[in-house]
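Below is a briefing on one protein model, written for use alongside the sequence and coordinates. It covers the sheet, the helix packed on it, and the nonpolar cores.

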Amino acid sequence: MIRIARVGEEFDRWQDLLALIMASFAYMDGVIDPPSSAHRLTLENLSEKARAEIAFVALDGDELLGCLFCRPEPPACLYVGKLCVSPKAQGKGIGRMLLERAEALAGELALPALRLETRIELGANHAKFAAWGFVRTAENTHAGYDRTTSIEMTKFLG
């Protein structure tokens, strides 16, 4: 039975979480430019990120299958990032479960929308997020680039 748990002070599986993120984002290597910010994660800054933001993990028993990091941001949305699901567990609804937990958190915080960013090259991700109710709301360019490198998508809640 898959459950979504908030990462709290007692969480001590940083190595497992980092390995999950790296495995889940590996398919982007050589596809997106610039490379994923996941490559800049370390055990230390990952635990700092979890303390600064609100993190959730998807677990099947003790097995770590997915994660999501959230942070409230102005003017009135909950940013969701580092959404990932283990390659071996994809297609089982775990991503949707994590986003549903983010929606519940947005409701608790009285925030009317979720916002995320996805790379321009990842068309399948755009389609998946659109199927989950997200709409394209902006295009962005990473520093040093003269073309669109990512898009923002927003899901307006209820």
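Contact here means heavy atoms within 4.5 Å. Helices (H or I, at least four residues) and strands (E, at least two) are DSSP runs, numbered from the N terminus. This is a predicted model, in which local features need pLDDT of at least 70 and side-chain atom pairs count only at pLDDT 80 or more, while totals for chains, interfaces and linings use all residues. Residues are numbered from 1 along each chain as its sequence is written, and side-chain values use heavy atoms, with hydrogens and water left out.

- Seven strands form an open sheet in the order 1-2-3-4-5-7-6, with mixed pairing; two strands pair if DSSP finds at least two bridges between them.
- Strand 1 and strand 6 are the edge strands, each pairing on one side only.
- Direction ignored, neighbouring strands of this sheet are turned by 25° against each other on average; axes are lines fitted to C-alpha atoms, for helices over the stretch in contact, and angles run from 0 to 180 degrees between N-to-C directions.
- Strand 1 pairs with strand 2 in the antiparallel sense over five bridges; Arg-3 has Leu-59 as its bridge partner in strand 2, and Ile-4 has Ala-58.
- Strand 2 and strand 3 run antiparallel and are joined by seven bridges, with Asp-60 partnered by Glu-63 in strand 3.
- The hairpin of strand 2 and strand 3 has two residues between the strands, and Gly-61 takes a positive phi near 65° there.
- Strand 5 and strand 7 pair antiparallel over seven bridges; Glu-117 stands opposite Glu-152 in strand 7.
- Strand 6 (residues 135–140) is joined to strand 7 by five bridges and the two run antiparallel, Arg-136 having Met-153 as its bridge partner in strand 7.
- Six of the seven residues of strand 2 are buried, and six of the seven residues of strand 7 are buried; buried means under 20% relative accessible area, exposed over 50%, and partly exposed in between (1.4 Å probe, protein chains only).

**Helix 3**

- Helix 3 (residues 94–108) has 15 residues and reaches 21 Å from its first C-alpha to its last, close to the 21 Å expected at 1.5 Å a residue; the expected span is 1.5 Å times one less than the number of residues.
- Its buried residues are Ile-94, Gly-95, Leu-98, Leu-99, Ala-102, Leu-105 and Ala-106.
- Seen down the axis of helix 3, these buried residues fall within an arc of 135°, so they line one face of the helix; the arc is that of the directions from the helix axis to the C-beta atoms.
- Gly-107 and Glu-108, on the other side of helix 3, are exposed.
- The cover over the buried residues of helix 3 includes strand 1 (2–6), strand 2 (54–60), strand 3 (63–73), strand 4 (77–85), strand 5 (113–119) and helix 4 (123–131).
- Just after helix 3, Ala-110 takes a positive phi of about 60°.

**Nonpolar cores**

- A nonpolar core is a set of buried Ala, Val, Leu, Ile, Met, Phe, Trp, Tyr and Cys residues joined through side-chain atoms within 4.5 Å.
- The largest core has 24 residues, of which Cys-70, Leu-78, Val-80, Leu-114 and Phe-134 touch the most other members.
- Helix 3 gives the largest share of this core, six residues.
- A second, separate core of 23 residues includes Ala-5, Leu-17, Ile-32 and Leu-122.
- Leaving aside neighbours within four places in sequence, the contacts of Leu-78 include Cys-70, Ala-102, Leu-105, Ala-106 and Leu-114.
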